[in-house]
Amino acid sequence: MTTITINDKEYDYSTFTEDQVALVTELNTCDTEVKRANYASAIYGARSDLLLKALLSSLDDTDKDKDESEAQ
């Protein structure tokens, strides 16, 4: 007997109707997509932070070069 647990209650999956199986399948798909979206969000967030740091560093270097050339 294959069981699945939903909200702390076990159900015998082998007795599910075709519609219930379809719902379980869609729930699994949704869960997978949410995990994928959370992963992508974390990756893009981290990349965005790195790009911002690189940009700020580049701008600071440009300002320093400009200040040095104006001082001469």
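## The hairpin of S1 and S2

Strands S1 and S2 form a hairpin in this predicted model, with 2 residues between them, and asparagine 7 in the turn has a positive phi of about 50°. Strand S1 covers residues 3-6 and strand S2 residues 9-12, and the two pair in the antiparallel sense over 4 bridges; pairing here requires that DSSP finds at least two bridges between two strands. Strands (E, at least two residues) and helices (H or I, at least four) are DSSP runs, numbered from the N terminus. Within this arrangement isoleucine 4 stands opposite tyrosine 11 in S2, and threonine 3 stands opposite aspartate 12 in S2.

The model is predicted, and for that reason local features need a pLDDT of at least 70 and side-chain atom pairs count only at pLDDT 80 or more, whereas totals for chains, interfaces and linings use all residues. Residues are numbered from 1 along each chain as its sequence is written, and side-chain values use heavy atoms, with hydrogens and water left out.

## The loop between the strands

Most residues other than glycine have a negative phi. Against that background, asparagine 7 has a positive phi of about 50° although it is not a glycine, and aspartate 8, likewise a residue other than glycine, has a positive phi near 65°. Asparagine 7 is placed in the loop between S1 and S2, and the place of aspartate 8 is also in the loop between S1 and S2.

Asparagine 7 is exposed because its relative accessible area is 75%, and aspartate 8 counts as exposed because its relative accessibility is 79%.

## An aromatic pair

The structure holds 1 aromatic pair. The rings of tyrosine 13 and phenylalanine 16 have their centres 5.2 Å apart and their planes at 50°, so the pair is tilted. The rule applied is that rings of Phe, Tyr and Trp (its six-membered ring) pair if their centres lie within 6.5 Å, with planes under 30 degrees apart counted as stacked, over 60 as edge-to-face and the rest as tilted. Of the two partners, tyrosine 13 is partly exposed, with a relative accessible area of 26%, whereas phenylalanine 16 is buried, with a relative accessible area of 18%.

Aspartate 31 forms a salt bridge with lysine 35, with the closest N and O atoms 3.2 Å apart; both residues lie in helix H1, 4 residues apart, which is about one turn of the helix. Aspartate 31 counts as partly exposed because its relative accessibility is 37%, while lysine 35, at 54% relative accessibility, counts as exposed.

Glutamate 33 forms a salt bridge with arginine 36, the closest N and O atoms again being 3.2 Å apart. Glutamate 33 and arginine 36 are separated by about one helical turn because they are 3 residues apart in helix H1. Glutamate 33 is partly exposed at 39% relative accessibility, and arginine 36 is partly exposed with a relative accessible area of 49%. Between glutamate 33 and glutamate 70 there are 37 residues in sequence and 54 Å in space, C-alpha to C-alpha.

## A leucine patch

Leu52, Leu55, Leu56 and Leu59 make a nonpolar surface patch of about 360 Å². Patches are made of residues with over 30% relative accessible area and no salt bridge, where like charges are joined within 9 Å and nonpolar side chains (Val, Leu, Ile, Met, Phe, Trp, Tyr) within 5 Å; the accessible areas come from the Shrake-Rupley method with a 1.4 Å probe, and for residues only the protein chains shown count as cover. Leucine 55 is located in helix H1, which spans residues 18-71, and leucine 55 counts as partly exposed because its relative accessibility is 46%.

## Confidence of the model

Confidence is expressed as pLDDT, the predictor's confidence in each residue, from 0 to 100. The protein averages a pLDDT of 93, and 97% of the residues score at least 70. Among the elements of the protein, S2 has the highest mean pLDDT (97) and H1 the lowest (93).

How values were computed. A salt bridge is a side-chain nitrogen of Lys or Arg within 4 Å of a carboxyl oxygen of Asp or Glu. Buried means under 20% relative accessible area, exposed over 50%, partly exposed in between (1.4 Å probe, protein chains only).
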